[in-house]
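Hi everyone, thanks for coming.

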Amino acid sequence: MSPRVMVAALLLSYPLLLRAQVEEQREAGFEVRREWMEQQRAYPFDSYTQNPVYAARAAALSRTAGFRTQGAAVAPWRAVGPFGFQTSGFYGSSPNADGGRIRAIAIHPTNPSIVYAGAASGGVWRTANGGATWTPLTDTQCSLNSGSIALDPINPEIVYVGTGEPTQSNGCGLLRSFDGGTTWTEINGSGVLAPVNGTQTTRAYRIRIAPSTAGSQTLTTVLYAANNGLHRSLNSGTSWTTILTGLVSDVEFDPADDNIVWAARAGLGSTQNGVYRSTDRGLTWQQVYTASTTAQRIALAVSPARAGSVWAVEVVGGRASSLVRLDGATAALTTLSINGVYGVTQRGDFAGQSTYNLVLEVDPQDANTVIMGGTRMYRSRNGGQSFTVIAYDVHVDWHAFEFAPSDPTVIVGGCDGGVHASYDRGNSWVSRNTNISVTQFYPGIAVHPTLPDVIAGGLQDNSSLWGFGSGFWTMSAPSGDGGWNAFSPTNPNQFWTTSYGTGFIVRVTRNPLGTGVSLLGRGFTSTDRKAFLSPMIIDPLNAATLYYATYRVWKTTNEGAVWTPISGDLTKGGTATITSMAVSPVDPRFVWVGTSDGNVQLSLDGGVTFAVVSGTTLPNRAVTDIAPDALQSGRAVITYSGTGTPHVYATDNLGQSWTNIGTGLPDIPFNAVVMIPGTSRMFAGADVGIYESPDNGATWSLASQGFPNARVLDLVFQAATGNLYASTYGRGLWSTTLVAGASVLRGDVNADGQVNAFDAALAQQALVGVLPASAPNPMPRADANCNGVIDSGDVLSILQFAVGSAPVTLCVGKQQ
């Protein structure tokens with residue numbers, strides 16, 4: 001049989017990979033996610049001051065932090081993606097591409113192809129071609145947490161961005177641009193928009209511009225609704241005064257007379273909840289509708305088709321409780337219906353988290369068409385008397401929805417699945433997530449042992465993904481909020497993924513011929529208290545051994561067939577949980593554990609016993625990462641969250657003593673650390689920036705050239721390529737090359753120094769996923785044509801070389 005026939009027969013006989021029955025998870029409650037983020041940074045206090053974070057961000061962005069600039073060179077960072085990805089067709093948009101969470105949309109007043117999108121923690125992006133391509137505009141600004149965007153209707157080069165995502169994350173006030181987003185001015189309004197007390201929250205709900213004053217860089221009236229009040233500027237955002245206090249969750253100018261303004265106040269226990277009306281552009285106010293004291297949020301909508309009116313949806317207990325319309329100078333009340341938004345669909349309804357996701361819009365040409373979105377989106381054709389679902393094939397959790405001012409058949413919306421558009425008033429929808437990278441990765445990404453940019457990771461409300469850098473990305477397991485991942489040390493086509501749910505653990509086997517995967521649920525059930533995301537790691541030498549952490553450690557030695565708790569409570573008690581875990585690559589009996597309440601424990605016998613090694617030297621802060629040295633079994637580096645204490649420590653004697661090696665680093669939460677094997681280099685990732693030490697922590701320099709102002713939650717070094725990978729909470733994955741990967745003899749799969757038929761046989765086995773466990777890692781040796789993957793061309797190339805007929809242009813038989 002000829003090599004070509006042999007390969008063809010091999011491909012035809014390859015079995016289809018079938019998805020095992022793994023139950024799809026819904027995302028965790030948004031409060032759980034927020035509390036996990038905040039409590040980790042606050043411990044041992046109830047809240048933490050963000051002033052050091054603001055200062056570090058300003059210093060990093062101005063490059064005046066005083067850090068050393070010498071040391072080993074770091075290449076500029078490059079975005080790895082994902083730039084759109086496939087999730088499920090149940091809660092996601094499959095087969096259309098999803099993206100990261102979008103909080104705000106603004107459409108050009110005369111050109112619907114020009115759209116601005118504000119990501120939850122990925123900044124503001126702009127497209128000039130309807131979403132075919134996007135450009136990030138605010139990567140180096142004071143905050144990437146977006147709340148609202150407004151374009152001046154007369155001069156749309158004037159852009160206003162309110163930072164801080166409602167219910168989730170804080171901002172730095174207003175970003176204003178006079179050149180379409182090329183340059184920006186940060187404005188905190190002397191503390192009105194962004195309080196100088198770093199413990200206070202500042203989150204933007206809505207920015208609106210008075211049309212009759214628009215077009216000026218100095219005289220425009222702008223209103224800014226936020227969790228700390230409604231604020232007004234009479235000079236195009238330069239200075240601000242507060243005109244309503246409390247949570248103001250929405251504001252709208254009347255379409256026909258911008259002297260008339262509507263505003264919504266909400267908040268548990270407040271007797272001021274309701275809708276307010278102003279007839280003097282916000283100078284004075286009258287309450288015209290009283291909402292429940294249990295109202296948590298109120299959204300408003302106006303329409304040129306019915307000027308003088310406002311629609312309001314009230315949220316109580318997380319659910320839409322009522323929809324009303326107020327008409328005219330007397331604000332005459334009409335109670336509408338929300339019939340149809342609950343309990344009538346099989347794939348989720350309006351649901352109960354509308355303090356988090358809520359939109360309300362009325363068609364600008366037809367006041368009988370009312371759009372209301374929560375988890376799912378609904379439309380009324382009869383003025384709000386009944387609703388039916390729309391955008392049923394689009395990702396859940398809607399946050400933004402805008403009609404194009406010049407063509408209301410065009411709608412652009414934002415949800416937890418990115419940007420989506422309709423060109424027929426909402427009847428059908430298309431994804432607009434090409435090359436917009438705003439995914440929110442959690443800690444625990446995993447990088448393929450040898451293939452560059454092949455990564456698996458967990459995301460906010462987009463499950464667990466795996467993919468190929470700027471290429472194809474898809475869901476690896478339907479995990480809702482995805483968790484920690486780990487590649488098998490012996491079979492690089494296999495990795496493990498988790499979810500926020502206790503014991504949700506899935507083994508994923510990918511098809512080396514394509515993008516398909518097979519899933520095998522290998523988790524367990526437990527009522528253990530646990531972190532929002534539980535650490536899960538794999539033994540670096542034994543692929544059958546994995547560890548999973550709650551407040552104690554669980555272990556399997558048979559690939560998850562049986563899980564057993566092997567420790568007692570490793571925290572200090574109370575509500576604390578394990579937040580980080582690592583196994584020494586030198587001696588896998590050494591298992592490190594860090595907790596949310598500052599404990600560091602070490603096992604020297606594979607988890608049979610643990611001992612506290614934190615002593616009195618280490619700070620009482622949440623442990624975020626532990627990195628054992630790849631060559632010295634006694635050495636490890638650890639990072640801490642919070643403020644007010646050092647953040648990076650090292651031990652050379654298995655925790656008997658610790659040294660603060662973070663001198664000179666900013667006093668901000670640090671989330672990840674990685675050591676470069678065989679060198680004195682290490683990198684630490686923080687809420688602001690990535691920092692490099694060339695001398696084992698004696699000195700540090702900022703290593704963020706080309707890197708966005710996003711939280712770094714994980715760092716992973718890929719020794720085979722010399723690539724360092726960083727995962728961010730809002731701007732996806734990034735990479736920089738530190739050192740060239742080691743060269744190998746291409747085609748020498750068994751590493752015996754020759755390229756022959758035995759290597760071709762091993763390449764075939766690797767191709768179909770049946771390579772013996774005892775065989776060497778096939779990559780990159782089996783990649784005989786140097787295209788980055790193992791394919792049929794590699795088998796053919798090796799056979800051709802073995803018989804002396806390989807084209808000289810191929811890399812087979814060459815050291816590279």
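**Rings and their partners**

Let's start with a charge: the charged end of R347 sits over the ring of Y392, 4.7 Å from its centre. By "over a ring" I mean that NZ of Lys or CZ of Arg is within 6 Å of the ring centre and within 35 degrees of the ring normal. R319 likewise lies over the face of Y342, at 3.8 Å from the ring centre.

A quick word on the model: it's predicted, so local features need pLDDT of at least 70 and side-chain atom pairs 80 or more, while totals for chains, interfaces and linings use all residues. Numbering runs from 1 along each chain as its sequence is written, and side-chain values use heavy atoms, with hydrogens and water left out.

Now, how many aromatic pairs does a search of the whole structure find? It's 25. Rings of Phe, Tyr and Trp (its six-membered ring) pair if their centres lie within 6.5 Å; planes under 30 degrees apart are stacked, over 60 edge-to-face, and the rest tilted.

Take W466 and F495, a tilted pair with 6.5 Å between centres and 55° between planes. W466 is buried, at 1% relative accessible area; buried means under 20%, with a 1.4 Å probe and protein chains only. F495 is buried too, at 0%.

Next come F524 and Y548, edge-to-face at 5.4 Å and 85°.

Finally, W36, Y442, Y500, F532 and Y729 form one aromatic cluster.

How values were computed: Buried < 20%, exposed > 50% of the residue type's maximum accessible area, 1.4 Å probe, protein only.
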